[in-house]
Amino acid sequence: MDDLRLGLLLNAVSPAVGGVLVRGEKGTAKSTAVRALAALMPDVDVVAGCRFSCAPGAPDPGCPDGPHEPAAGTARPARMVELPVGASEDRLVGALDIERALADGVKAFEPGLLADAHRGVLYVDEVNLLHDHLVDLLLDAAAMGASYVEREGVSVRHAARFLLVGTMNPEEGELRPQLLDRFGLTVEVAASREPEQRVEVVRRRLAYDDDPAAFAARWADEETALRERIVTARSLLPRVELGDAALRQIAATCAAFEVDGMRADIVMARTATALAAWAGRTDVAEEDVRRAALLALPHRRRRNPFDAPGLDEDKLDETLEQFGGNDQQDPDPDPDPDGGPDGPDGGPEGGPDGGGGIPPQGQGPESGPPDRRENEPAEAPAAPPGAGAGEQAAVRAAEPFRTKTLSVPGLGEGAAGRRSRARTEHGRTTGARRPRGALTKLHLAATVQAAAPHQRARGRSGPGLVVRRDDLRQATREGREGNLVLFVVDASGSMAARRRMSSVKGAVLSLLLDAYQRRDKVGLVTFRGTGADVALPPTSSVDAAAARLEELPTGGRTPLAAGLLKAHDVLRVERLRDPSRRALLVVVTDGRATGARGADALGLSSRAARLHAAEGTAAVVVDCETGPVRLGLAGNLARELGGTAVTLDELRAESIAGLVRDVQAATTQGNSTVRNRRAA
């Protein structure tokens, strides 16, 4: 936890660093560590009665509760405000009483979580699951130091300067690169593999459960000393000098690692200054620059979801040495562990050998090192003797490509995303209706139109419009939704041709990348040998999907019916979890089906396919059959599914993307036909 503690403490010393994003596997006390920071933050002086925590010495001139007269103020502990994943926009930024604003011209504003977190800590657990529009609002406020609420021409602004901390499990999906860049620092957390450390963790947890008060008293002196050190570092921070040599090293490092924009340079400078203040020095040393780079740069080198975050420490040392100056001096010893070979980004490529590195792609807890993949057993059952082609090692996917926009025609009501048209809370206004529950988005014109005929009866005498609650109209909006794309991939002996499987994997990876950008859910079912496996349950984690695909071996029989039935089970469960999310089934096979002796494998496959057709699931079959003689089995399967088939020769960038679009359009019409038949 060395990097996590250091990242949090540096932000406590200098909130201008820009917050910290904590990435790590489940069960590593990410949230516990973040919540413990609140007790270490110094008390803050606030204007008595101000809901926005204005400082007595420098109150916000635009404070909605102002103007404030000079006063001594009162001290209170720094707040730790938590933003729930399911929070609404009004809960985050605050809510305006539109009815009073229209009728009385009064800006009745109820502060949100951003106001509560002003001059404190705003903590977002599972920030990668937060809706995009909330993340944008959150990071804009963190960057500007103020929150703006605009509702139909009524505007309120208040200060919102806080320490932003987010935690996430990468297995549940990644943040967009643009959002990653808005976090000042990023640290990786992993559970210790040392038995003695794990024993100590369990021992301390049990001691806390037995007597929380005694446990807290045991560490009270150390926490007090740490709190005093934060106060001392804060007072020293304005006197820390960032010399030209350190600035050159910072600029050269950011240029050498080709990070986008200038934010990385600024964050590194602020982090290096905070490191010097934390160590009790008034000048920035080379080691400060090095540690700042290890905390501020790894996540900014990520260009797309398939890139592995990390930092080459050898290259970093070479750059610092090349652009080092003579005015550097050795930093004072720091009790915190440093960023050396066993510290952050311990491996030469920022791998998991150290405490703070982000594991390279394919080396997370879900997969083994690349050099072991050739020898690892497949997850699916091995083919029995005499079952056909033997198991072959996994082949690498072809280079992913950019796909065309895929969308489902019609108007859905699924989760917010960036793919298909849907009724959403955010987007362009398409109409108005009476609100169901609390009013969230006012349709001003419709509200005025509803209230206008009743003004004389309501005794209107002045310029203000007499508005009643029954007059209010909710705006209906149209935005974009995300879909579920479920791939069913034939990994049997008939698919063992390396070139064929490599092309298939490349197409799937390309659609996965597009799904990541458009906030879709994607799943993977494979079938080979004697059964089918859910290689990847529906998820938004592109890294996990890429790792599973890369490791997929081939060989054995072709249990096509098992694959289709497994996909049916996955979609059935997903419909129960999220009935509004529309699905697309992509079956990659040559259409052959084999099974136990005497079994009608093709007949079983046809019946399984008709189950999907009865559910109205959109489907496409990618025909992988090759050679001069073709049986056309994939085409028959597509007809049973009620979808479309395409040959392997058409499995190219433009073809596969266009195919999915066409199938989505065709199956939408097919779904309407199925519903009409059911109604009849």
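Let's start with Asp 65 and Arg 51, which form a salt bridge with their closest N and O atoms 2.9 Å apart. A salt bridge here is a side-chain nitrogen of Lys or Arg within 4 Å of a carboxyl oxygen of Asp or Glu. This pair links distant parts of the chain, 14 residues apart, with Asp 65 and Arg 51 both in the loop between strand E2 (44-46) and strand E3 (74-76). Helices (H or I, at least four residues) and strands (E, at least two) are DSSP runs, numbered from the N terminus.

## What you're looking at

This is a predicted model, where local features need pLDDT of at least 70 and side-chain atom pairs count only at pLDDT 80 or more, while totals for chains, interfaces and linings use all residues. Residues are numbered from 1 along each chain as its sequence is written, and side-chain values use heavy atoms, leaving out hydrogens and water.

## More charged pairs

Side chains of opposite charge can pair when their charged atoms come close. How many salt bridges does the rule give? The count comes to 24.

One of them joins the side chains of Glu 188 and Arg 23, at 3.3 Å from N to O. Glu 188 sits in strand E11 (residues 185-189) and Arg 23 in strand E1 (residues 20-24), so to speak a link between distant parts of the chain, 165 residues apart. Glu 188 is buried, with a relative accessible area of 11%, and Arg 23 is buried as well, at 4%.

Another salt bridge brings together the side chains of Arg 290 and Glu 313 (2.7 Å, N to O). Arg 290 belongs to helix H13 (residues 286-296) and Glu 313 to helix H14 (residues 313-322), so the pair ties together parts 23 residues apart in sequence. Arg 290 counts as buried at 10% relative accessibility, and Glu 313 is buried at 7%. There's also a network of salt bridges linking Asp 181, Arg 263 and Arg 300.

## The second largest pocket

This pocket has a volume of about 1200 Å³. On a 1 Å grid over the protein atoms alone, a pocket is an open set of points where a 1.4 Å probe fits, with protein on both sides within 12 Å along at least five of seven lines; lining residues have an atom within 4 Å of a point. Grid points are joined across faces, edges and corners, and the volume is the space filled by probe spheres set on the points.

Which residues lie nearest the centre of the second largest pocket? They are Leu 129, Leu 130, His 131, Ala 415 and Ala 416, out of 44 lining residues. Among the elements that each supply at least two lining residues are helix H6 (132-144), strand E12 (416-424) and helix H17 (542-550). The lining divides into twelve nonpolar, 15 polar and 17 charged residues. Ala, Val, Leu, Ile, Met, Phe, Trp, Tyr, Cys and Pro count as nonpolar, Asp, Glu, Lys and Arg as charged, and the others, Gly among them, as polar.

## A buried alanine

Ala 246 is found in helix H11 (residues 244-256) and counts as buried, at 1% relative accessibility. Ala 246 and Ala 272 are 26 residues apart in sequence and 8.9 Å apart in space, C-alpha to C-alpha.

Notes
Buried means under 20% relative accessible area, exposed over 50%, partly exposed in between (1.4 Å probe, protein chains only).
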